[in-house]
Amino acid sequence: MTRNAHINIALSTICGAAALSGFMIATSAQANGVTAGTLIENTAVASYDDGAGPRTINSNTVSVRVDELLDVTLTSRDPGPVGTRPGDAVLTFELTNQGNGPEAFRLLANPAVAGNDFDVVVRSIAIDSNGNGVYDAGVDALLTAPEATAVLAPDSVLTVFVLVTVPDTATDTQTSIVDLTAEAATGTGAPGTVFAALGVDGGDAIVGGTGAIATARGQLVVGVASVELTKSVVLRDPFGGTSAVPGTIATFTIVARVSGAGTVNDLSITDAIPDGTTYAPGTLALDSVALSDAADGDAGVASDAAGIAVSLGDVTAAFTASVTFNVVID
Ligand SMILES: [Ca+2]
Ligand SMILES: [Ca+2]
Ligand SMILES: [Ca+2]
């Protein structure tokens, strides 16, 4: 080689610099990283002039197959504690395959969390089959034990529902936490743990920075509304006094109070006309607003034979309503 020869060395790679750096950061979650099984190949080139003209030579090619990282994240999708009554409730979670290979994840729900006011019963774990983010009974698939997701592609996101039953003993304002854990089906462990030949294309599967396991908690808060009725009567006799004599007008007032938290459905107030009295037509009122006696568009209906009824519908605590009507003593 002559004294004036000059040498330039260039690197080329089929994967590019960004992909190569992604491959080298082996301990962080690999969302969007190089897909497991990818071959990263590298050949060096030397070009020079030996006095007889420019020449180029290549090195041998070094080939590296990217191993599979196992990583997962899990978060609660509920905006806050889920309000519920005793009975069925749903907690919503989001699972992401943060690894760089296809992987299934085992799911385990734990309702017995320290500090709970009560523990729920976990009925099922379900997958958001129609992808609308809401649990749809009969549409979204229920997993059978041992619960696990299907094999998820790298970076894919899955909505998971935990279906629970709140016990009848739960009372207003009590809370309960349910922990959901997702773990890679291939295995979990300290970051860097190797599962030889269990990755893509027979490569290794290596536990990533998440440990290939994630836990998220959902919370329930009980809202139990209770209804209280109070009835009172005011008498006005024909002589301007308050005696109960024939011809006395009795004005009944029924106050309904809904307290606690949550909603009561189809709240209805009924009262029979007492024996020895006659309903005074046109006197039924709700919160001092007259209601017609007929069964029509308003909330009330009244007759001497059937008594009075006022339908308040679904009512959310705290709520108060006052129903009044008159009867005349026979
Ligand atoms: Ca895998
Ligand atoms: Ca759904
Ligand atoms: Ca009416």
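For this tour, buried means under 20% relative accessible area, exposed means over 50%, and partly exposed lies in between (1.4 Å probe, protein chains only). This is a predicted model, so local features need pLDDT of at least 70 and side-chain atom pairs count only at pLDDT 80 or more, while totals for chains, interfaces and linings use all residues. Residues are numbered from 1 along each chain as its sequence is written, chains are lettered from A and ligands numbered from 1 in the order in which they are written, and side-chain values use heavy atoms, with hydrogens and water left out.

**Stop 1**

Donors here are N, O and S atoms within 2.8 Å of the metal (3.2 Å for Na, K and Ca); water is not among the atoms, so sites may look incomplete.

**Stop 2: ligand 3**

Next, centre on the calcium ion (ligand 3). Its protein donors are Ser292 (O), Ser292 (OG), Ala294 (O), Asp296 (OD), Asp298 (OD) and Gly300 (O), lying 2.2 to 2.6 Å from the ion. The donor residues are spaced S-x1-A-x1-D-x1-D-x1-G. Is Gly300 buried or exposed? Gly300 is buried, with a relative accessible area of 3%, while Asp296 is partly exposed at 43%.

**Stop 3: the open sheet**

Gly300 also falls in strand S22 (300–303), an edge strand like S18 (263–271), each pairing on one side only. Strands are DSSP runs of E, at least two residues, numbered from the N terminus, and two of them pair if DSSP finds at least two bridges between them. The open sheet has 3 strands in the order S18-S23-S22, with antiparallel pairing. Select residues 307–316 to see S23, which pairs with S22 over 4 bridges. Zoom in on Val301, which stands opposite Ala309 in S23.

**Stop 4: around S17**

Finally, select residues 249–260, strand S17, joined by 12 bridges to the antiparallel strand S16 (residues 225–236). Here Val227 has Val258 in S17 as its bridge partner. S17 also runs antiparallel to S24 (residues 319–329), with 10 bridges joining them. Look for Thr253, opposite Thr324 in S24.
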